[in-house]
Amino acid sequence: MGPGGQDTRYAQASAAHAPAIARLARAVEANPEQARDLEQEIHVALWRSFARFDGACAVSTWVYRVAHNVAASHVARSSRRAKLVGLDAADALLAADDPEAEVGQAQLLARLNALIRALEPPDRQVILLYLEGLDAASIADVTGIARGTVSVKVHRIKALLARRFRSEEQA
């Protein structure tokens, strides 16, 4: 692929997936300015990556793979400063009192994103891709996690989130 092909491929992929990339950046990074930086970092990596794109997978799979690799690197850098928790420990976090229980939809989404950010990177990647509408096979292609494991992780994370939001409704 020539340089023009790289630009064209990036432009088409960016037009189709920019909103998903922005959502991923906001879900991964709580600080709005750093989320915008991450989003730009993903776009730069995506443009560079199209020089190596051989068409062996769908463009959407390629975009998600690049985006999640950049996001994972961002999280790895950030995790040196923050403490991340596994699914079992995240469940305990959800049991704590939350003064934002009576807030509107925007605050619920912010809390959901915060919970997702607290998950370990593989779990975070799986649920973010699931929320983008990818099926287990596609998520497995992007993350390299076995398809069955992806299904189990999605089920466990959904159950965790359902428990959290159900308990808020009862409070």
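Welcome to this structure, which holds three salt bridges, a salt bridge being a side-chain nitrogen of Lys or Arg within 4 Å of a carboxyl oxygen of Asp or Glu. The model is predicted, so local features need pLDDT of at least 70 and side-chain atom pairs count only at pLDDT 80 or more, while totals for chains, interfaces and linings use all residues. Residues are numbered from 1 along each chain as its sequence is written, and side-chain values use heavy atoms, with hydrogens and water left out.

**Salt bridges**

- Side chains of opposite charge can pair when their charged atoms come close.
- R23 and E132 join their side chains in a salt bridge at 2.7 Å, N to O.
- Because R23 sits in helix α1 (residues 3–28) and E132 in the loop between α6 (121–131) and α7 (136–143), this pair ties together parts that are 109 residues apart in sequence; helices here are DSSP runs of H or I with at least four residues, numbered from the N terminus.
- E41 and R77 form a salt bridge at 3.4 Å, N to O.
- This pair links distant parts of the chain, with E41 in helix α2 (residues 32–49) and R77 in helix α3 (residues 59–79), 36 residues apart.
- D123 and K153 meet through their side chains in a salt bridge at 2.5 Å, N to O.
- Here too distant parts of the chain are linked: D123 belongs to helix α6 and K153 to helix α8 (residues 147–170), 30 residues apart.

- R23 has 40% relative accessibility and so counts as partly exposed, where partly exposed lies between buried (under 20% relative accessible area) and exposed (over 50%), using a 1.4 Å probe and protein chains only.
- E132 is partly exposed as well, with a relative accessible area of 22%.
- E41, at 33% relative accessibility, is partly exposed, and R77 is partly exposed at 38%.
- D123 and K153 are both buried.

**The cavity**

- The model has one cavity of 30 Å³ or more, a cavity being a set of points on a 1 Å grid over the protein atoms alone where a 1.4 Å probe fits but cannot get out.
- The largest cavity has a volume of about 50 Å³, volume being the space filled by probe spheres set on the points.
- Its lining consists of V28, H68, A71, A72, V75, P121, R124, Q125 and L128, where lining residues have an atom within 4 Å of a point.
- Helices α3 and α6 are the elements that give two or more residues to this lining.
- The lining of the largest cavity divides into six nonpolar, two polar and one charged residue; Ala, Val, Leu, Ile, Met, Phe, Trp, Tyr, Cys and Pro count as nonpolar, Asp, Glu, Lys and Arg as charged, and the others, Gly among them, as polar.

Conventions: On a 1 Å grid over the protein atoms alone, a cavity is a set of points where a 1.4 Å probe fits but cannot get out, and a pocket is an open set with protein on both sides within 12 Å along at least five of seven lines; lining residues have an atom within 4 Å of a point.
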